[in-house]
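Below is a set of questions and answers on one structure. Please read them beside the sequence and the coordinates.

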There are 2 protein chains.
Amino acid sequence: MIRGVLLDLSGVLYVGRQALPGALDAVARLGQSGIPIRYITNTTRSPRRMIMEQLRAMGFSFPEGDVYTAPLAALDYLQARGLTPYLVVHSNLIEELAGVSSPAPDAVLIGDAGEGFTYQHMNSAFRLLLEGAPLLAMGSNRYFKEADGLSLDAGPFVAALEYAAGVRATIIGKPAAAFFHAAVASLGCAPGATVMVGDDVDADVIGALDAGLPAILVRTGKFRPGDEQKVEGRAPVLEDISAAVDWILQRL
Amino acid sequence: MIRGVLLDLSGVLYVGRQALPGALDAVARLGQSGIPIRYITNTTRSPRRMIMEQLRAMGFSFPEGDVYTAPLAALDYLQARGLTPYLVVHSNLIEELAGVSSPAPDAVLIGDAGEGFTYQHMNSAFRLLLEGAPLLAMGSNRYFKEADGLSLDAGPFVAALEYAAGVRATIIGKPAAAFFHAAVASLGCAPGATVMVGDDVDADVIGALDAGLPAILVRTGKFRPGDEQKVEGRAPVLEDISAAVDWILQRL
């Protein structure tokens, strides 16, 4: 029995700025069933407000509160521990994290900062780590695809600080079990009764399985032939979000 | 029998901008013996020209050709292979490396670039690595001491690129055996007959021993009590450069 659903965004509902075929209808059908849904993403170059604007422009209409992002997970993590971090994040994200930053930081939080990865920022973060501040990273992705080629994501800069200070980062966001569990908790159901739907076999599907959630791998977005073998016998591999919604609606 | 000498600079001959007690006299005595000497350093924030100016201001007077640096080793490495690298180095170093840079680079060379570690530079380097360009690093040091605290050296940024592109860097400079061997070759004597004198037990002393050179650890510069245990039975541990020169002069 499925009691809740987690849906990845990019590669499952859309690619680029274009909804995938059947995705608008599939999401509408899932919504009409009344099952609680959270849309989860590791994007750290945009606050939820901007993600919602993009989703609405593509025709999706779910409430903002149903979207859970790695930066919001970071906010929850920090607030639960009373930490006020030094931020090495993208300028777009400052508005979302402004509430937790401090002139006397006691942690370091890294996102996909892009041009914000300056020597001075990295050095300030390094010196805090030497003083014992914990290193928190919203993701450990190596790179992502831009219009003109692949570009460095946050992971390499996290690796740099780990090497420099001799520490290990705590990863927030997928594939961390805590991220899946936080999203599930906000739905009010058990991990074993909440299915994760994603196109990234590692971060989405294996991450969810390892966190105790059933999961579905869809053959859209960054799916590559051969990925299905990584989850053989552990997760169904379906054509797209439409097929995933059909599968879920049969198990309510 | 000792036929040649390699001397580290910072921590052996001087600390900060100040010659160590007895160092000027010790270097003069060694020079008068006629034994060939190379002064070797991993510094990549200054070209040899600037290092020489600092040495002369402290009262040292050996010829510029006797100083061998990691950037010069990189030049040798690149020229021997016909490589023209993309440079991620300190702005001070551009004058020394200008001859090998190219608008169509086929390698990546990393030094302690300081403020030169921008996202754009790192990303350009990353894209070249993805195309198969080799990653060359003038050092893998984690950090160094500045007036206002510890600061990131090249090593963390090398680690970032290794993680991003899934490659391993070739380290030029200490403790790479090739660096010691190149310095020895320029003296025209065998590694086993060339003694290395240094204050860094890992990069200087163990590096030299692993490259087949006898070595002396001096108790100045970054020497810390306990370092002598790391080379017990493999290298003498002497008070300072004066004692090291005495030791050498008895074995010519």
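This is a predicted model: local features need pLDDT of at least 70, side-chain atom pairs count only at pLDDT 80 or more; totals for chains, interfaces and linings use all residues.

Residues are numbered from 1 along each chain as its sequence is written, chains are lettered from A and ligands numbered from 1 in the order in which they are written, and side-chain values use heavy atoms, with hydrogens and water left out.

Q: What rotation superposes chain A on chain B?
A: The copies are superposed by least squares on the C-alpha atoms of residues with pLDDT of at least 70 in both. The shift along the axis is 0.0 Å and the RMSD is 0.0 Å. The two copies are thus related as by a two-fold rotation axis. The rotation is 180°.

Q: What percentage of the interface residues of chain A are also interface residues in chain B?
A: Contact here means heavy atoms within 4.5 Å. The copies meet through the same surface, because the share of chain A interface residues that are also interface residues in chain B is 100%.

Q: In what order do the four strands of the open sheet in chain A run?
A: Helices (H or I, at least four residues) and strands (E, at least two) are DSSP runs, numbered from the N terminus; two strands pair if DSSP finds at least two bridges between them. The pairing in this sheet is parallel, and the edge strands, each pairing on one side only, are β6 (85–88) and β11 of chain A. The order is β6-β7-β8-β11.

Q: Which residue is the bridge partner of L87(A) in β7(A)?
A: β6(A) and β7(A) (residues 107–110) pair in the parallel sense over four bridges. In β7(A), the partner of L87(A) is L109(A).

Q: What angle does the direction of helix α5 of chain A make with that of β6(A)?
A: Axes are lines fitted to C-alpha atoms, for helices over the stretch in contact, and angles run from 0 to 180 degrees between N-to-C directions. Helix α5 (residues 119–130) of chain A packs on the sheet and touches β6, β7 and β8 (135–137) of chain A. Its direction and that of β6(A) make an angle of about 150°.

Q: How many residues does the hairpin between β9(B) and β10(B) pass through?
A: β9 (residues 143–146) and β10 (residues 149–152) of chain B pair in the antiparallel sense over four bridges. Y143(B) has L152(B) as its bridge partner in β10(B). The number of residues through which the hairpin joins the strands is two.

Q: Within what arc do the buried residues of α7(B) fall?
A: Buried means under 20% relative accessible area, exposed over 50%, partly exposed in between (1.4 Å probe, protein chains only). In α7(B), F179(B), F180(B), A183(B), V184(B) and L187(B) are buried. They line one face of the helix, because the arc of their directions from the helix axis to the C-beta atoms is within 130°.

Q: Which residues on the other side of α7(B) are exposed?
A: The cover over the buried residues of α7(B) includes β1 (4–8), β4 (37–41) and α8 (201–210) of chain B. On the other side, the exposed residues are A178(B) and A185(B).

Q: How many residues does the largest nonpolar core have?
A: A nonpolar core is a set of buried Ala, Val, Leu, Ile, Met, Phe, Trp, Tyr and Cys residues joined through side-chain atoms within 4.5 Å. Those with the most contacts inside the largest core are I110(A), F117(A), I110(B) and F117(B). Its residue count is 49.

Q: What distance separates the C-alpha atoms of V89(B) and I110(B)?
A: V89(B) is found in the loop between β6 and α4 (94–97) of chain B and counts as buried at 8% relative accessibility. V89(B) and I110(B) are 21 residues apart along the chain. Their C-alpha atoms are separated by 5.8 Å.

Q: What is omega for the cis peptide bond that joins K174(A) and P175(A)?
A: Most peptide bonds are trans. P175(A) lies in the loop between β11 (170–171) and α7 (177–187) of chain A. For the cis bond joining K174(A) and P175(A), omega is about 0°.
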